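User: I would like to go through this model with you, one feature at a time. Please give the basis for each reply as you go.

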Amino acid sequence: MIEKNIYIVGHKKPDLDSTASTVGYEAFRHALGQHEYKAIRSDKVNVLTAWVFDEYHTEIPPLVEDVSSMNLALVDHTYPESRPNNWEKANIVEVIDHHDVKLEDIIPQSITIRRCGSTCSLITQMFYNMNLEVPKNIACILLSGILDDT
(Lines give C-alpha, C1' and ligand atoms only; values in the text may rest on other atoms or scores of the structure.)
Protein backbone atom coordinates (compact mmCIF):
# COMPACT_ATOMS: atom_id res chain seq x y z
CA MET A 1 0.00 0.00 0.00
CA ILE A 2 1.31 3.44 -0.94
CA GLU A 3 1.24 5.99 1.90
CA LYS A 4 -0.78 9.03 0.82
CA ASN A 5 -0.50 11.10 3.99
CA ILE A 6 2.23 13.69 4.31
CA TYR A 7 3.54 14.07 7.84
CA ILE A 8 4.79 17.49 8.90
CA VAL A 9 7.67 17.16 11.33
CA GLY A 10 10.03 19.57 13.03
CA HIS A 11 13.53 18.91 14.28
CA LYS A 12 14.70 16.70 17.13
CA LYS A 13 14.59 18.41 20.55
CA PRO A 14 11.86 20.70 19.21
CA ASP A 15 11.51 24.28 20.35
CA LEU A 16 8.26 26.22 20.11
CA ASP A 17 8.88 27.40 16.53
CA SER A 18 9.43 23.84 15.35
CA THR A 19 6.30 22.40 16.97
CA ALA A 20 4.11 25.45 16.25
CA SER A 21 5.16 25.26 12.59
CA THR A 22 3.87 21.70 12.30
CA VAL A 23 0.36 22.57 13.51
CA GLY A 24 0.37 25.87 11.62
CA TYR A 25 1.30 24.19 8.35
CA GLU A 26 -1.25 21.44 8.94
CA ALA A 27 -3.95 24.11 9.43
CA PHE A 28 -2.78 25.92 6.28
CA ARG A 29 -2.96 22.77 4.17
CA HIS A 30 -6.33 21.81 5.66
CA ALA A 31 -7.66 25.30 4.79
CA LEU A 32 -6.71 24.47 1.20
CA GLY A 33 -8.66 21.20 1.44
CA GLN A 34 -5.49 19.09 1.63
CA HIS A 35 -6.35 16.92 4.62
CA GLU A 36 -3.61 14.37 3.90
CA TYR A 37 -1.19 16.67 5.77
CA LYS A 38 -0.75 15.59 9.42
CA ALA A 39 1.38 17.26 12.10
CA ILE A 40 3.67 14.96 14.11
CA ARG A 41 6.74 15.38 16.30
CA SER A 42 9.87 13.24 16.67
CA ASP A 43 10.81 14.07 20.26
CA LYS A 44 9.31 15.34 23.50
CA VAL A 45 8.44 19.03 23.70
CA ASN A 46 9.91 21.56 26.11
CA VAL A 47 8.02 23.23 28.98
CA LEU A 48 7.28 26.44 27.05
CA THR A 49 5.80 24.54 24.11
CA ALA A 50 3.62 22.42 26.41
CA TRP A 51 2.40 25.58 28.17
CA VAL A 52 1.54 27.41 24.93
CA PHE A 53 -0.39 24.47 23.50
CA ASP A 54 -2.26 24.06 26.79
CA GLU A 55 -2.99 27.81 26.99
CA TYR A 56 -4.61 27.74 23.54
CA HIS A 57 -6.42 24.42 24.06
CA THR A 58 -4.61 22.67 21.23
CA GLU A 59 -3.27 19.13 21.25
CA ILE A 60 0.46 18.69 20.86
CA PRO A 61 1.12 16.65 17.69
CA PRO A 62 1.55 12.92 18.29
CA LEU A 63 5.00 11.50 18.89
CA VAL A 64 6.34 9.34 16.06
CA GLU A 65 9.76 7.90 16.85
CA ASP A 66 10.35 6.14 13.52
CA VAL A 67 9.42 7.83 10.23
CA SER A 68 10.39 4.93 7.96
CA SER A 69 8.23 4.71 4.81
CA MET A 70 6.47 7.99 5.56
CA ASN A 71 6.09 11.00 3.27
CA LEU A 72 7.54 13.96 5.16
CA ALA A 73 7.39 17.73 5.07
CA LEU A 74 10.30 19.00 7.16
CA VAL A 75 9.75 22.29 8.97
CA ASP A 76 12.32 24.41 10.79
CA HIS A 77 15.31 22.24 9.82
CA THR A 78 17.31 20.81 6.94
CA TYR A 79 20.43 19.35 8.59
CA PRO A 80 20.51 15.53 8.65
CA GLU A 81 21.47 15.41 12.34
CA SER A 82 18.26 17.30 13.20
CA ARG A 83 15.96 15.04 11.20
CA PRO A 84 13.76 12.38 12.84
CA ASN A 85 14.90 8.79 13.32
CA ASN A 86 15.10 6.74 10.12
CA TRP A 87 14.55 9.73 7.86
CA GLU A 88 16.80 7.96 5.33
CA LYS A 89 13.99 5.41 4.82
CA ALA A 90 11.34 8.13 4.38
CA ASN A 91 10.29 10.18 1.37
CA ILE A 92 11.00 13.87 2.04
CA VAL A 93 8.64 15.76 -0.25
CA GLU A 94 8.80 19.26 1.15
CA VAL A 95 10.99 21.56 3.25
CA ILE A 96 10.03 24.87 4.92
CA ASP A 97 12.76 26.61 6.90
CA HIS A 98 14.37 29.92 7.86
CA HIS A 99 17.85 28.57 8.68
CA ASP A 100 20.92 27.75 6.62
CA VAL A 101 20.27 24.99 4.11
CA LYS A 102 21.82 21.55 3.96
CA LEU A 103 20.00 19.42 1.41
CA GLU A 104 22.80 17.70 -0.53
CA ASP A 105 21.36 14.29 0.35
CA ILE A 106 17.69 14.89 -0.58
CA ILE A 107 15.74 16.53 -3.39
CA PRO A 108 12.29 17.50 -2.13
CA GLN A 109 9.51 18.37 -4.58
CA SER A 110 8.97 21.71 -2.84
CA ILE A 111 11.43 23.91 -0.96
CA THR A 112 10.57 27.13 0.87
CA ILE A 113 13.66 28.69 2.44
CA ARG A 114 13.80 32.31 3.45
CA ARG A 115 15.91 34.05 6.06
CA CYS A 116 13.55 35.56 8.61
CA GLY A 117 12.88 35.34 12.34
CA SER A 118 11.07 32.00 12.42
CA THR A 119 9.45 29.25 10.39
CA CYS A 120 6.17 30.35 12.00
CA SER A 121 6.66 33.67 10.17
CA LEU A 122 6.84 31.85 6.83
CA ILE A 123 3.70 29.84 7.55
CA THR A 124 1.80 32.92 8.72
CA GLN A 125 2.75 34.62 5.47
CA MET A 126 1.37 31.63 3.52
CA PHE A 127 -2.04 32.18 5.15
CA TYR A 128 -1.82 35.91 4.40
CA ASN A 129 -0.74 35.45 0.76
CA MET A 130 -3.67 33.08 0.11
CA ASN A 131 -6.10 35.38 1.98
CA LEU A 132 -7.01 32.53 4.34
CA GLU A 133 -8.35 33.03 7.83
CA VAL A 134 -6.14 31.56 10.54
CA PRO A 135 -8.05 29.78 13.33
CA LYS A 136 -7.62 31.78 16.55
CA ASN A 137 -5.79 29.03 18.47
CA ILE A 138 -3.40 28.46 15.56
CA ALA A 139 -2.81 32.21 15.16
CA CYS A 140 -1.93 32.48 18.84
CA ILE A 141 0.41 29.50 18.66
CA LEU A 142 2.12 30.83 15.52
CA LEU A 143 2.54 34.25 17.14
CA SER A 144 4.02 32.58 20.23
CA GLY A 145 6.50 30.75 18.00
CA ILE A 146 7.42 33.99 16.22
CA LEU A 147 7.97 35.82 19.51
CA ASP A 148 10.01 32.98 21.00
CA ASP A 149 12.27 32.43 17.98
CA THR A 150 12.85 36.02 16.91
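User: Where is the place of Asp 76, and is Asp 76 buried or exposed?

Analyst: Asp 76 has its place in the loop between strand 3 and strand 4, where helices (H or I, at least four residues) and strands (E, at least two) are DSSP runs numbered from the N terminus. This is a predicted model, in which local features need pLDDT of at least 70, side-chain atom pairs count only at pLDDT 80 or more, and totals for chains, interfaces and linings use all residues. Residues are numbered from 1 along each chain as its sequence is written, and side-chain values use heavy atoms, with hydrogens and water left out. Buried means under 20% relative accessible area, exposed over 50% and partly exposed in between, with a 1.4 Å probe and protein chains only; because its relative accessible area is 2%, Asp 76 is buried.

User: What is the phi of Asp 76?

Analyst: Most residues other than glycine have a negative phi. Asp 76 is not a glycine, and yet its phi is positive, at about 65°.

User: Which loop holds Asn 131, and what is its phi?

Analyst: Asn 131 lies in the loop between helix 3 and helix 4 (136-149), and it counts as exposed because its relative accessibility is 71%. Asn 131 is not a glycine either, but has a positive phi of about 55°.

User: Which residues is His 11 in contact with, leaving aside its neighbours within four places in sequence?

Analyst: His 11 lies in the loop between strand 1 and helix 1, and it is buried, because its relative accessible area is 12%. Contact is taken as heavy atoms within 4.5 Å. With neighbours within four places in sequence left aside, the contacts of His 11 are Ser 18, Ser 42, Val 75, Asp 76, His 77 and Ser 82.

User: In what order do the five strands form the open sheet?

Analyst: Two strands pair if DSSP finds at least two bridges between them. Here the pairing is parallel, and the five strands form an open sheet in the order 2-1-3-4-5. Strand 2 (37-40) and strand 5 are the edge strands, each pairing on one side only. Neighbouring strands of this sheet are turned against each other, direction ignored, by an average of 25°.

User: What angle does the direction of helix 3 make with that of strand 4?

Analyst: Axes are lines fitted to C-alpha atoms, for helices over the stretch in contact, and angles run from 0 to 180 degrees between N-to-C directions. Strand 4 pairs with strand 3 (residues 71-75) in the parallel sense over five bridges. Helix 3 (residues 119-129) packs on the sheet, touching strand 3, strand 4 and strand 5, and its direction makes with that of strand 4 an angle of about 95°.

User: What is the bridge partner of Ile 6 in strand 2?

Analyst: Ile 6 and Ile 8 point one way from strand 1, while Tyr 7 and Val 9 point the other way, and all are buried. Strand 1 pairs with strand 2 in the parallel sense over four bridges. In strand 2, the bridge partner of Ile 6 is Tyr 37.

User: Which side chains meet in a salt bridge, and how many residues apart in sequence are the parts that the pair ties together?

Analyst: A salt bridge is a side-chain nitrogen of Lys or Arg within 4 Å of a carboxyl oxygen of Asp or Glu, and by this rule the count comes to one. The side chains are those of Arg 29 and Glu 94, at 3.2 Å from N to O, and both residues are buried. Because Arg 29 lies in helix 1 and Glu 94 in strand 4, the pair ties together parts whose separation in sequence is 65 residues.
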